[in-house]
Structures are given as structure tokens and as C-alpha cells.
Amino acid sequence: MLAWYSLLILMADTLQVIDMRLRQIAAGTSTADEMFLMVTEKLDAAAEARTIFIRGGDCGDVLDHYKKIIAGNVDRLSAGKMVGPA
């Protein structure tokens, strides 16, 4: 039950990051570096998740890892701290 709850919370936080990024892109306030980061961080996170599984981790460990990444995105984007020149 807790795994489902954690997954739902992660999905809600992820949607918040997507919303923030799309709003910045639509308003023309996003940077090219931030848009590049959107793609590269997904690839990096997938590689890190694979490493967690290889080392014997489970889905809960991967969810915890993604929570940290998403929380960092929410903090950075809500503070207006985008990557690269503004």
C-alpha cells in the first residue's frame, strides 16, 4: 500500500515540474540549458535506476532516488534558478 502512495506522490510532484517547465517555455523565460537539462536528466536518472537494480536495490529504492531528483527540480524551478544564462 505504501509503495502505491509513494508512487502517486512522485507522480504528482513530477506533474508539478512538467507544469513549471512548460509554463517557462511558453512564457519564453526558459533557457536552452534548462531545456537540454530536461532531456539529459531523464537519461541520467534511468542509468542511475539501472545501477540501483544491479546493486540489488528494489523499486522502493528507485522511487526514493527519483523523489530526490524531482524535489531538487521543484526547488530550483520554483526559486527561478534556471540553468544557464537567463
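Me: What caps the N-terminal end of α3?
Reply: Asp58 does. One of its side-chain oxygens lies 3.2 Å from the backbone nitrogen of Gly60. A polar contact is a pair of N or O atoms within 3.5 Å, one able to donate a hydrogen and the other to accept it within protein; residues adjacent in sequence count only if both atoms are side-chain atoms. This is a predicted model, in which local features need pLDDT of at least 70 and side-chain atom pairs pLDDT 80 or more, while totals for chains, interfaces and linings use all residues. Residues are numbered from 1 along each chain as its sequence is written, and side-chain values use heavy atoms, leaving out hydrogens and water.

Me: What makes α3 a helix, and how many residues does α3 have?
Reply: α3 has 20 residues. Helices are DSSP runs of H or I with at least four residues, strands are runs of E with at least two, and both are numbered from the N terminus. So α3, with its 20 residues, passes the helix length limit. From first C-alpha to last, α3 reaches 28 Å, close to the 28 Å expected. The expected span is 1.5 Å times one less than the number of residues. Just after α3, Gly80 has a positive phi of about 75 degrees.

Me: What does Asn73 touch, leaving aside its neighbours within four places in sequence?
Reply: Val17, Arg21 and Glu41. Contact means heavy atoms within 4.5 Å. Asn73 also has a side-chain link to Arg76: a polar contact of 3.1 Å.

Me: What makes Arg21 and Glu41 a salt bridge?
Reply: Their side chains meet at 2.7 Å, N to O. The rule is a side-chain nitrogen of Lys or Arg within 4 Å of a carboxyl oxygen of Asp or Glu. So the pair qualifies. Arg21 is in α1 and Glu41 in α2, so the bridge ties parts 20 residues apart in sequence. Side chains of opposite charge can pair when their charged atoms come close.

Me: What is said of α2, and where does α2 bend?
Reply: α2 covers residues 32–54 and has 23 residues. Its span is 33 Å, close to the 33 Å expected. The bend, at Met38, is about 25 degrees. That is the angle between axes fitted to the seven residues ending there and the seven starting there. Buried residues of α2 include Thr40, Ala45 and Ile52. Their cover includes α1 and α3. After α2 comes Gly56, with a positive phi near 95 degrees.

Me: What makes the seven residues of the largest nonpolar core a core?
Reply: A nonpolar core is a set of buried Ala, Val, Leu, Ile, Met, Phe, Trp, Tyr and Cys residues joined through side-chain atoms within 4.5 Å. The seven are Leu10, Val17, Met20, Leu63, Ile70, Val74 and Leu77. The largest share, four residues, comes from α3. Leu77 touches Val17 and Met20, and also Arg21, Gln24 and Glu34, not counting residues up to four places away in sequence.

How values were computed:
Buried means under 20% relative accessible area, exposed over 50%, partly exposed in between (1.4 Å probe, protein chains only).
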